[in-house]
Amino acid sequence: RALVALDDKRRAAEIAHCLGLLGYEVDVMSDSDGVRTIEQSAHVIVVMARTVAESGALTCYQRLFLLNADIRRGFFLILVGDEYTTGDGVQAFVVHGDMVIASPDAASCETAIRERLIERGRLFKVFIDCKRKNEVVAS
């Protein structure tokens with residue numbers, strides 16, 4: 001399941017379509033609604049923009065820094081914006097994401113997302129396997 005929490009409805013629909021092509025069931029909502037939803041840990045992919053709310057309320061991006069580390073590690077974070085180059089790993093690292101997508105590429109990003117998900121799966125395989133073993137031993 002994927003969550004697209006973007007205030008830009010057109011971009012949200014474009015990315016939701018790409019995630020749908022990859023086989024994900026997608027929930028699309030505004031950034032403010034997404035803040036409450038990411039805490040429920042129901043999504044393996046979360047898409048958002050790096051924004052700051054004017055009203056003083058937390059945006060999804062700001063809420064990330066208050067999440068428990070296990071919850072944050074539980075989903076693949078994609079940040080969308082004009083300031084990014086699609087797939088740039090250094091940019092993703094700097095903004096605490098797993099992937100960045102340039103806004104103009106939102107309609108055709110399924111290949112880039114698929115490749116990055118495969119790469120992340122290989123990278124986190126040892127961590128996930130160890131965590132499962134520890135959970136089995138603990139129970």
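View 1. The model is predicted: local features need pLDDT of at least 70, side-chain atom pairs count only at pLDDT 80 or more, and totals for chains, interfaces and linings use all residues. Residues are numbered from 1 along each chain as its sequence is written, and side-chain values use heavy atoms, with hydrogens and water left out. Arginine 63 sits in helix α3, residues 60-64. Helices (H or I, at least four residues) and strands (E, at least two) are DSSP runs, numbered from the N terminus. Beyond its neighbours within four places in sequence, arginine 63 is in contact with Val35, Ile38, Glu39 and Leu58 (contact: heavy atoms within 4.5 Å).

**View 2. Tyrosine 61, also in helix α3.** Tyrosine 61 counts as buried, at 10% relative accessibility. Its contacts, leaving aside neighbours within four places in sequence, are Met48, Ala49, Arg50, Thr51, Leu79, Val95 and His96. Tyrosine 61 and alanine 49 are twelve residues apart in sequence. Their C-alpha atoms are 7.0 Å apart.

**View 3. The open sheet of five strands.** The strand order is β2-β1-β3-β4-β5, with parallel pairing (two strands pair if DSSP finds at least two bridges between them). β2 (26-29) and β5 (99-102) are the edge strands, each pairing on one side only. From one strand to the next, the twist averages 15°. Inside the sheet, β1 (residues 2-5) and β3 (residues 45-48) pair in the parallel sense over four bridges. Valine 4 has valine 47 of β3 as its bridge partner.

**View 4. Helix α2 across the sheet.** Helix α2 (residues 31-38) lies across β1, β2 and β3. The helix runs at about 145° to β1 (axes are lines fitted to C-alpha atoms, for helices over the stretch in contact; angles run from 0 to 180 degrees between N-to-C directions). Asp31, Gly34, Val35, Thr37 and Ile38 of α2 are buried. The buried residues of α2 pack against β1, β2, β3, α3 and α4 (69-73).

**View 5. The largest cavity.** One cavity of 30 Å³ or more is present. The largest cavity holds about 30 Å³ of space. On a 1 Å grid over the protein atoms alone, a cavity is a set of points where a 1.4 Å probe fits but cannot get out; lining residues have an atom within 4 Å of a point. Grid points are joined across faces, edges and corners, and the volume is the space filled by probe spheres set on the points. Leu3, Thr37, Ile38, Ser41, Ala42, His43, Val46 and Phe75 form the lining.

**View 6. Cysteines without a disulfide.** The count is zero disulfides (a pair of cysteine sulfur atoms within 2.5 Å). Cysteine 60 is in no disulfide, and the nearest cysteine sulfur, in cysteine 109, is 18 Å away. Cysteine 60 is buried at a relative accessible area of 0%. Cysteine 109 is buried too, at 1%. The closest cysteine sulfur to that of cysteine 109 belongs to cysteine 18, at 3.8 Å, too far for a bond.

**View 7. Alanine 112 in helix α6, residues 110-138.** Alanine 112 is partly exposed, at 23% relative accessibility. Not counting residues up to four places away in sequence, alanine 112 touches Thr86 and Met99. Lysine 9 and alanine 112 are 103 residues apart in sequence and 21 Å apart in space, C-alpha to C-alpha.

Note on methods
Buried means under 20% relative accessible area, exposed over 50%, partly exposed in between (1.4 Å probe, protein chains only). On a 1 Å grid over the protein atoms alone, a cavity is a set of points where a 1.4 Å probe fits but cannot get out, and a pocket is an open set with protein on both sides within 12 Å along at least five of seven lines; lining residues have an atom within 4 Å of a point.
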